[in-house]
Amino acid sequence: MTAQYQVHGDVAVITLNNPPVNGLGLATRRGIVDGLERAEADATVRAVVITGAGAAFSGGADIKEFGTDKSLAEPNLHSVIGAVEQCSKPVVAAIHSVCMGGGLELALACHYRIAAPGCSVALPEVKLGILPGAGGTQRLPRVVGVEAALNMIVSGEAVKSELIAAMPGQKLFDKMAAAPEALADESLAFARSIAEARPLPLVRGLPASHPQGDAYFQFARNMVKGMAKNFPAPPKCVDAVEAATKQKFADGLATERELFISLMWTPESRALRHLFFAERAASKIPDVPADTPQRAIKKVGVIGAGTMGGGISMNFLNAGIPVKMLEMKQEALDRGLATIRKNYEAQVKKGKLKEGRYQERMALLSTTLSYEDLKDCDLIVEAVFEDLNVKEAVFKQLDAVAKPGAILASNTSTLDLDRIAAFTNRPQDVVGMHFFSPANVMKLLEVVRGKATAKDVLATVMSVAKKIKKVAVVSGVCDGFIGNRMIERYSQQAGFLLDEGCTPSQVDRAIEKFGFAMGPFRMGDLAGNDIGWAIRKRRAVESPDIKYSKTADLLCEQGRFGQKVGKGWYDYVPGRRDAIANAEVEKMIADHRASLGITPRKVSDEEIVQRLVFSLVNEAAHILEEGIANKASDVDVVYIFGYGFPVHRGGPLNYANEFGLFNLVQAMKRFAKNPLDDARFWQPAPLLARLVAEGKQF
Ligand code: NAD
């Protein structure tokens with residue numbers, strides 16, 4: 001039973017019981033309506049309390065029912081809300097822990113509300129590209145005021161119940177319980193105290209108004225436009241709340257409904273809902289069941305205190321896990337330590353971290369020059385130079401000192417994890433943990449599964465990732481794993497575009513307009529152009545048939561490695577963050593083009609975007625077919641959380657589905673005919689060709 005009915009003397013209690021957050025699925029909705037009918041029919045019952053079992057009042061819609069017929073089946077949430085409002089006996093919502101979305105809309109329909117302190121109250125629908133569709137935009141302004149309601153609805157952020165209770169004139173809570181433990185008893189007592197009150201108060205009967213209505217909504221619209229340029233939902237939230245102040249309640253509800261339905265079918269909302277599920281699905285590995293036993297990770301070792309090692313260490317310190325950092329020389333340790341301090345101090349200065357917390361974190365960090373000191377670590381993450389010989393020396397020493405069962409992880413970006421694992425006598429304990437720079441900021445973690453990696457090692461690393469607040473995606477072993485293997489194709493195309501007539505800023509602008517956080521050339525300057533240069537030199541030996549534009553090599557020959565040296569594709573001036581176009585670089589590109597006998601042509605922004613994005617898609621299809629990625633949505637998660645792909649497009653493969661795979665392959669065929677491009681490059685991956693032939697999607 002997902003909703004229980006019990007009678008305590010003269011009060012009936014309906015307890016939602018649909019773990020983990022009492023989602024309002026069909027069975028739960030039925031349970032509420034049945035409970036109300038029983039209470040109506042029982043002459044001894046004078047009042048009804050609706051509450052939630054476990055760790056929530058209700059988190060809202062049941063995500064398991066999203067997009068299924070069940071989510072709309074009767075009684076739907078509107079009917080439940082109608083039944084609550086029309087109950088002839090007072091209905092009291094007893095709210096605690098989590099009261100969100102449909103859960104809050106249900107509570108707003110009750111005649112009275114009593115809340116426990118510490119409860120998170122929110123209407124988070126905007127985060128899925130929609131707006132509250134069961135009266136939330138109409139009722140919330142009536143109880144907390146227009147401004148507070150609009151802030152909650154447009155941001156989707158939770159507000160604690162005690163803060164709401166302190167808002168002057170608020171009518172959301174009729175009473176606050178002294179403590180969460182007291183809620184059950186206090187809600188019964190409260191229900192008895194109002195059992196005979198008539199007429200029963202309804203939120204819909206309260207006024208919603210703003211003293212400077214038009215001016216305020218104009219201001220709100222301007223604010224929202226700036227914040228949410230690619231998302232249609234926030235401005236519609238403003239429209240809905242404005243309707244609450246200008247229309248009769250029933251008309252306002254109808255407006256809300258219309259806006260809700262119009263948003264439901266936008267590509268942006270589909271993208272956000274796709275990502276919501278994709279992120280949850282990423283932690284599930286097909287052959288590693290959820291109940292796989294895990295190894296305890298209480299102490300972590302990090303080898304290398306460079307760019308990555310420092311950031312990786314901070315992740316664990318932030319999660320309260322002690323870290324021992326190892327380097328070859330004291331100077332390197334001192335430098336690494338100083339960088340970590342600098343990062344934390346910047347956070348303290350900005351008020352994002354309390355001084356005390358900073359000190360607590362630093363107290364968890366120790367350093368060493370001796371591998372012996374790592375023998376009690378449960379997880380050791382290696383972040384030394386990207387050189388197989390160096391990795392070999394490190395993993396042999398780790399094999400000699402690490403305790404049995406310790407997980408040995410490498411942060412390598414390009415090297416073969418199976419070869420690294422083979423340097424040890426315990427390849428089952430070796431795994432890749434590929435963090436992204438800056439490692440303390442970027443959310444993505446590629447967990448690289450070697451051919452021998454044990455299932456409990458994977459399960460443990462996935463759960464550690466959650467603890468350190470990363471979004472982890474499993475990748476098989478291949479050059480570049482999921483993300484970098486795809487980005488190489490994208491960079492290749494960016495290079496061809498220069499050869500054909502584009503400038504770096506034209507390419508960057510086009511893809512940034514599409515929504516990328518940063519175009520390929522600004523990104524190259526940030527990551528360091530020398531990294532790609534080294535990879536291309538290696539490729540020239542290993543795979544000489546891969547075609548690249550020479551411009552990036554010419555750039556590196558001039559030492560223009562990017563931001564770290566103040567010049568790359570662009571110039572960088574201290575104190576200014578923007579990339580400044582450089583005439584000499586553009587001349588170098590033009591000269592190179594001329595030396596190839598190419599007459600420059602005007603390339604449209606549309607072509608730039610399609611060539612860059614479809615190159616990602618085609619490589620992703622290879623990656624899926626080879627089983628490097630477990631599922632298409634994992635690729636989207638990698639690109640959203642690691643590469644600044646526009647969130648409102650839902651990742652490269654969601655975008656490909658929206659664009660239409662047939663159309664996409666047609667475009668690839670056109671690109672293949674361009675003599676300056678690479679016809680082989682645009683050969684559709686077998687999986688992509690198959691999906692098109694079968695009329696399917698990723
Ligand atoms: P880095 O040069 O900044 O740091 C490497 C550190 O390792 C140096 O401080 C060096 O002193 C130390 N070191 C070298 N050999 C050692 C040894 N034998 N024992 C102990 N310490 C040793 O390099 P980085 O950018 O931090 O990269 C480290 C690893 O992370 C590489 O495998 C790289 O491919 C990977 N990676 C880098 C990035 C990035 O953007 N920089 C992103 C993801 C992964």
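Biologist: Which residue is the bridge partner of Val 98 in β7?

Modeller: Ser 120 is the partner of Val 98. Keep in mind that this is a predicted model.

Biologist: What makes β5 and β7 a pair?

Modeller: Two strands pair if there are at least two bridges between them. Three bridges join β5 to β7, residues 120-122. The cut-off is at least two, so β5 and β7 count as paired. They run parallel.

Biologist: What holds paired strands of a sheet together?

Modeller: Backbone hydrogen bonds pair them, either parallel or antiparallel.

Biologist: Which order do the strands of this sheet take?

Modeller: The order is β5-β7-β8, in an open sheet of three strands with mixed pairing.

Biologist: Why are β5 and β8 called edge strands?

Modeller: β5 (98-100) and β8 (159-160) each pair on one side only.

Biologist: Now the whole protein. How many helices and strands are there?

Modeller: The protein has 28 helices and 19 strands.

Biologist: What does "buried" require, and what share of the residues meets it?

Modeller: A residue must have under 20% relative accessible area. Of the 698 residues, 54% count as buried.

Biologist: What share of the contacts with a separation of 6 or more joins residues 24 or more positions apart?

Modeller: Such residues account for 73% of those contacts.

Conventions. Residues numbered from 1 in each chain as written. Predicted model: local features only at pLDDT ≥ 70, side-chain atom pairs only at ≥ 80, totals over all residues. Heavy atoms only, no water. Helix = DSSP H or I, 4+ residues; strand = E, 2+ residues; numbered from the N terminus. Buried < 20%, exposed > 50% of the residue type's maximum accessible area, 1.4 Å probe, protein only. Contact = heavy atoms within 4.5 Å.
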